[in-house]
Amino acid sequence: MGDRRRHRRLAAAVTVAGLVFGTAACGSGSDSADSGDPNTLEVWTRSNPDAAATYDRVFAAFTKKTGIRIDYQPVINFDQQLQSRASTKDLPDVMINDTALMGSYQSQGLLKPIDPASIAGGGQITDKSWSSTVGIDGKHYGVPYSRQAQTLMIRTDWLKKLGLKAPTTWQEMLSVAKAFATRDPDGDGKADTYGIVAPGSAQNGYAAWWGASFLWQGGARIIEPAGRGTYRPAMDSAAAVNTVTWMKDNLFCGAKSVLQPGAITAVTATATNFQDGNAGMYMTGPYNITTFDATLGKDKYEVVPAPAGPAGGDVLADGENVYLGAKTGKDKQELALASFLVSPEGQKIAMTSVDGHQPVVRIPVNSTLDAAKVRGDARWSVVQKAYEDASQQFPNAPDFAPIKQDTADSLNAIFTYCGGDVRSQLRELNDTLAGDLKDQDLLK
Amino acid sequence: MTATLPAPAARRGLDEKAAGKKTFDKRAVVPWLFLAPGLLLALVFKFWPMAKGVWLSFFDVRPFLGDRWIGLDNYTRVLSDHRFQDAIGHTLILGIGQSVGAILLGFALALLLEGQAHSLKILRTAVFLPAVTATAVVGELWRLMYYPTSDGLLNSGLHLFGLGPVQFLDNPNIALYSTMAMGIWIWAPYNMVILLAGLAGVDRSLYEAAAMDGVSLWQRLRHVTLPAIRPALMIVLTLATIRGLRVFTEVYVLTGGGPAGSTDVWMTRAYTLGFTRNDIGGASAASVVLLCVTLLLTVMVNYLRKRGEAR
C-alpha cells in the first residue's frame, strides 16, 4: 500500500514539474519585438479609441516629418498596464498622461528628467506651464502638453426665463441655484429641476477634484510648500474651515434641490443631470463642451468664468504632460517627438476634430496659439483665460494620489453628516495628510 | 471561489498486486495527465498569482526600482487602519445579512417553484435571470430604482402610500442595507437552483407518510424537508459565506464604498489601496488576511458538516 502511494506521489511530482517548466517556457517568449530599433518609439496615451484616432493623425504627421516611426498604444487602464511593464524594466519610450501623476511616477523612478532648453520651441511654453512639471528635486520631469481649467456651464434659456444673470460670486450662484430649483425654469409645472450638479463621491477622489475650485476660491490649500522640497498639510486653516463649512451648509446640507439628487454618491459618469436637462449649473472641465453641444444643444447653455469666492475666482487646472520613460536609450528621438508635440503644428493637429473624433489638446501649451481661433469657437477663450489668469493645479511634485483620496474621503464624510463638526473633522484630515506626506519623506 | 481538485480515485483489488513491484506505474500517471490541462490553467491563473500576492504582501512594492522587503509592516498598517477596521464591521453585516437573506429567499423560491409543470419551468428561468446578468448592469438598474426623488421607481411606489422619498443610497444609515437588498436579489436565484436540486432528491414517500400522520405544513418543513436537504443547505451556506466575505462588485458598482465610507467593505478598501493609492504591497496584505479568514471559515464549516454527518 505504502509503495503504491509513493508511486502516485512520484507521478504527481513529475506532472507538476512538467507543468512548471511548460509555463516557464511559455512566459519567456513574449518580449516586445521592436524595442531595440532606435528609430521606432513606443508611445502610450491614456485614450479611448475615439481620442486615439486623433493621436494617430498627430503621430502620422510626425513620422512624415522626421522619419521616426511610432508604435502607438492607446491604453485605457494605463496605470495597471504601466506597473506591469515597469516590473519587466522595459518602459514605453514616451507616455502622455495626467499632470497629477507626475509625482507618483517620479517617486517610482519611471521618468527621465528633461531640460526645457532641450525642447525645440520650449520657449513658447509659458513659465506657468513649465513650473507645473518641476519635481521634488527641482528638475523637470515632464513637458506640458495640454491644459484645461474648470469653468461654469450654465443654462442661458433658464436664466432668460427667470430674468436672471449669470452669477459672478458664490452668493449670486446660490440664489440662482435656488431659483432654478424652485421657480420651475423648464415650465412643466413640476418641481423637477435642480440648481447645481456636484460629483460629490469619494470614489477616485471626485469630491476633492470638484471641491478644489471652491477651496482655491475660499483661499484654502490642501497642502502647501514649506521650503526645500518639503510640504505641510493646510486643511485646518481658517480659510479651509470657512470654505468647507460654506459648501456644507449651503450646498450639501442646504435648501432642497440646490444640488442634484444623489450628489453625495455621484461620480462624473453618473452626474449627468446637466446634459439630461434637469440641472442648471455645472462647474467642470471643457472636455464636456462637445458632449453638451450634442446632448443639450449649443444654444441652450453658455460657458462662463466660475463665480468668485471670498479669496478670488481661481479654479482647478489640470491637463496632460509628455513623459519620457527612464532608461530607454532613445533620448534624441524622444526629444524630437516631444518638441513636435508642443510645436504649433503638432498642437493644432491635436486640437482639431476630423470625422467627429475628439480633440486631445484642450488649451494649447504653446503660447503662440489661441484656442478659440484654432477651434473657431469663442467659448474656448473663456477656458483659456481661466487657465492663464485664474487657475491653480494640484501640487504635482509629491505623489498626490493618496492626498487627493484622503481629502475626498474626508470632504465626502463632512458633506454626508450634516450634524458633524467641520473644524474637528478637518483637523483629523490634516493629521491624515501629515501621515501621507511623512510616508513620502516630504513632511516639514 | 475555492474549487477542490478531485484526487484520482484509488483503485484497489486486482491492480494492487500487479502494480506492486514496478518503480513507475503507468496507470498512476494517466489520471494526472488527464488533469494536466486543468491543473496548468489553475496554476497559471490561480495559484501562481496567489503565491505572488502572498509574496508581495511582505514588500514595499516598487516595480521599477525593485521591491523592498519590509516584513510584516504592510499587515500592521492594514490592520491598524481605522478605515479597514470599520470595513470589517460593514463586511460582516453585509456578508451575513446578504447570505441569510439570499438563502431564505432562495429556499422560499425553491419551495414555490418546485415541480415539473411547464409554467414552472418558464418561471424558474425568469427568476434565475438576476444570477446570470452582469453585476455592473444590475448595479445600474438598482441605482435607477433607488433614485432618491419621487421619480425613482421605489420612491414613486412609496409616494403612493404617502411615504418618502427615501435616500436609499445617500443616507449613510441606509446605504448598506440598500446594497444588501440588491445582493439578496442577485444571489437568491442562485441558491434556489442548488436547493431545488436538493428538494428533487427528497424521498416522496416521506411526504406521503407525513400527510397520513396529519402533520402541519410547518412540521413537515421542519422534520422532513429540512433534514433531507441538509447537504444542499451546507453547500449553499459555504458558498454564501465565502461570497459574503469577499463581496466587492455589488458595492463597487452601487455606491463605491460611500457615502462617508458607510458601505466600504474589506475588498473595496483593498482595491482603493492598491489602485488609487498605488500601494500594491498593502493591498496584497489586505487580500492575504481575507484569504486566511475565508480559509479558516471554510475549514470550520466543513468540520461542522462532517461532525453533523457523523451524528
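Modeller: Leaving out residues up to four places away in sequence, B:Asp60 touches B:Asp67, B:Arg68, B:Ile70 and B:Gly281, where two residues are in contact if their C-beta atoms, placed from the backbone, lie within 7 Å. This is a predicted model, in which local features need pLDDT of at least 70 and side-chain atom pairs count only at pLDDT 80 or more, while totals for chains, interfaces and linings use all residues. Residues are numbered from 1 along each chain as its sequence is written, and chains are lettered from A and ligands numbered from 1 in the order in which they are written.

Biologist: Where is B:Asp60 found, and why is B:Asp60 partly exposed?

Modeller: B:Asp60 belongs to strand S1 (residues 59-60) of chain B; helices (H or I, at least four residues) and strands (E, at least two) are DSSP runs, numbered from the N terminus. A residue is buried if 20 or more other C-beta atoms lie within 10 Å of its own, exposed if 12 or fewer, and partly exposed in between, with C-beta atoms placed from the backbone. B:Asp60 has 17 other C-beta atoms within 10 Å and is therefore partly exposed. As for distance, the C-alpha atoms of B:Asp60 and B:Ser80, which are 20 residues apart along the chain, are separated by 17 Å.

Biologist: How would B:Leu158 count, as buried or as partly exposed?

Modeller: Because B:Leu158 has 15 C-beta neighbours inside 10 Å, this residue counts as partly exposed. B:Leu158 has its place in helix H7 (residues 153-160) of chain B, and, with neighbours within four places in sequence set aside, B:Leu158 is in contact with B:Leu163, B:Gly164 and B:Val166. The C-alpha atoms of B:Leu158 and B:Tyr207, 49 residues apart along the chain, are separated by 42 Å.

Biologist: Moving on to pairs of helices, at what angle do the axes of H5 and H8 of chain B cross?

Modeller: Axes are lines fitted to C-alpha atoms, for helices over the stretch in contact, and angles run from 0 to 180 degrees between N-to-C directions. The axes of helix H5 (residues 118-132) and helix H8 (residues 175-200) of chain B come within 7 Å and cross at roughly 120°. That makes H5(B) oblique to H8(B), since angles under 35 degrees count as roughly parallel, over 145 as roughly antiparallel, 65 to 115 as roughly perpendicular and the rest as oblique. From H5(B), the residues B:Val127, B:Phe128, B:Pro130 and B:Ala131 meet B:Trp185, B:Ile186, B:Pro189, B:Tyr190, B:Met192 and B:Val193 in H8(B). By class, this contact has 10 nonpolar, no polar and no charged residues; Ala, Val, Leu, Ile, Met, Phe, Trp, Tyr, Cys and Pro count as nonpolar, Asp, Glu, Lys and Arg as charged, and the others, Gly among them, as polar.

Biologist: And how do the axes of H16 and H17 of chain A cross?

Modeller: The axes of helix H16 (residues 401-416) and helix H17 (residues 422-439) of chain A come within 10 Å and cross at roughly 165°, which makes H16(A) roughly antiparallel to H17(A). The residues of their contact divide into seven nonpolar, four polar and two charged.

Biologist: What should I know about the interior of chain A?

Modeller: Chain A has 17 helices and 13 strands, and buried residues make up 48% of its 444 residues. In helix H13 (residues 344-351) of chain A, for instance, A:Gly346, A:Gln347, A:Ile349, A:Ala350 and A:Met351 are buried, and the buried residues of H13(A) pack against helix H2 (49-66), helix H12 (331-342), strand S12 (363-364) and helix H14 (371-375) of chain A.

Biologist: Which residues touch the most other members of the largest nonpolar core?

Modeller: A nonpolar core is a set of buried Ala, Val, Leu, Ile, Met, Phe, Trp, Tyr and Cys residues joined through C-beta atoms within 7 Å. Of the 120 residues in the largest one, A:Ala177, A:Ile196 and A:Met281 touch the most other members, and helix H8 (residues 206-217) of chain A gives the largest share, nine residues. Another core, of 46 residues, lies apart from it and includes B:Ala232, B:Tyr252, B:Val265 and B:Ala270.

Biologist: How many residues does the contact take from chain A and from chain B?

Modeller: The contact takes 38 residues from chain A and 34 residues from chain B. On the side of chain A that touches chain B, helix H1 (2-27), helix H3 (78-87) and H16 each supply at least two residues, and H1(A) gives the most, with 11 residues. By class, that side has 14 nonpolar, 18 polar and six charged residues.
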